[in-house]
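Please look over the sequence and the model shown here before reading on.

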Amino acid sequence: MRVAVGQYSATGDKAENLKTITRLAEAAARSDARLALFPELAMVDFGPSAGDLRSEAEPLDGPFVENLVRLAERLELTVVVGIYESIPGDTRVHNTAVALDPRMGVVAAYRKRNLYDAFGERESERIRPGSAEPPLFQLDGYTVALVVCYDLRFPSFIERIGDRGADLLLVPAAWVAGPLKEDHWQVMTQARAIENTIYVAGAGQCGKGYCGLSRIVDPMGVVTASLGEAEGVTATDVTKERIEEVRARLPLLAQRRAAAEVTTRS
């Protein structure tokens, strides 16, 4: 299955951001990708240009997602993107990633649980954390999982996804630039792939204040596709054969499950 990651610098204009997603998704489709992953905050940037996020947020059946559903259908491409989801009666919004199937529409939605209250930032002031476990959905025989950005920093959180049978982890992100931050992103995308012997695809915002560096990492931690700091899209194939080959050599999942069973019995 061919997977693409696309990165760009989101503005405060939803219509402009939708045009950019459309252009990059079309490029992904031309590369024969079956899935295209776009960044966190793809709807509107989180920064000052976004203003009051409640005025920007929409429900899952709102016009922004509906436009992306039509895009997925037209391109016969599963599209995964980050939005602000409105919460009736709440002063905050959800930071939500949605997966849009070309035939079924919304097949997964994940509300970010681990909020970015770190490095001087306070995401929780404007974002309400989700409470559900990251969803799994099926695509071309692969089990695909969905988290958002800062979630990547919690190994046990990602381990639970691996133990539930994920083959591919999608990480829409807006990884803030800063001292060593680029290193953290690169190390952790590879570490989470190795620890769980799964593919990890991360799509980040680029431009002022963000790292970019979108990438796809295989179950042995090999970077098979990557971007730098500029807008763009790149794609690579993920295969069951590679997953099986790595798990035969490095049976971490089986050993972890066996250890958990021993602990439960004792």
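Thr 197, which follows helix α5, has a positive phi, near 45°, in a predicted model where local features need pLDDT of at least 70, side-chain atom pairs count only at pLDDT 80 or more, and totals for chains, interfaces and linings use all residues. Residues are numbered from 1 along each chain as its sequence is written, and side-chain values use heavy atoms, with hydrogens and water left out. Helix α5 itself covers residues 181–196, where helices are DSSP runs of H or I with at least four residues and strands are runs of E with at least two, numbered from the N terminus. Its 16 residues reach 22 Å from the first C-alpha to the last, close to the 22 Å expected at 1.5 Å a residue, the expected span being 1.5 Å times one less than the number of residues. Buried positions in α5 are Lys 181, Trp 185, Met 188, Thr 189, Ala 191, Arg 192, Ala 193 and Asn 196; buried means under 20% relative accessible area, exposed over 50%, and partly exposed in between, with a 1.4 Å probe and protein chains only.

Gly 162 has its place in α4, residues 155–163, and counts as buried because its relative accessibility is 0%. Although Gly 162 and Arg 257 are 95 residues apart in sequence, their C-alpha atoms are 10 Å apart in space.

The largest nonpolar core has 45 residues, and Leu 169 and Leu 170 have the most contacts inside it; such a core is a set of buried Ala, Val, Leu, Ile, Met, Phe, Trp, Tyr and Cys residues joined through side-chain atoms within 4.5 Å. Strand β8, residues 168–173, gives the most to this core, with 5 residues. Beyond its neighbours within four places in sequence, Leu 170 has contacts that include Leu 35, Val 80, Phe 137 and Ala 201. Apart from this core lies another, of 38 residues, among them Ala 4, Leu 53, Leu 75 and Val 81.

For the protein chain as a whole, there are 7 helices and 12 strands, and 56% of the 266 residues count as buried. Residues 24 or more positions apart account for 69% of the contacts with a separation of 6 or more.

How values were computed:
Contact = heavy atoms within 4.5 Å.
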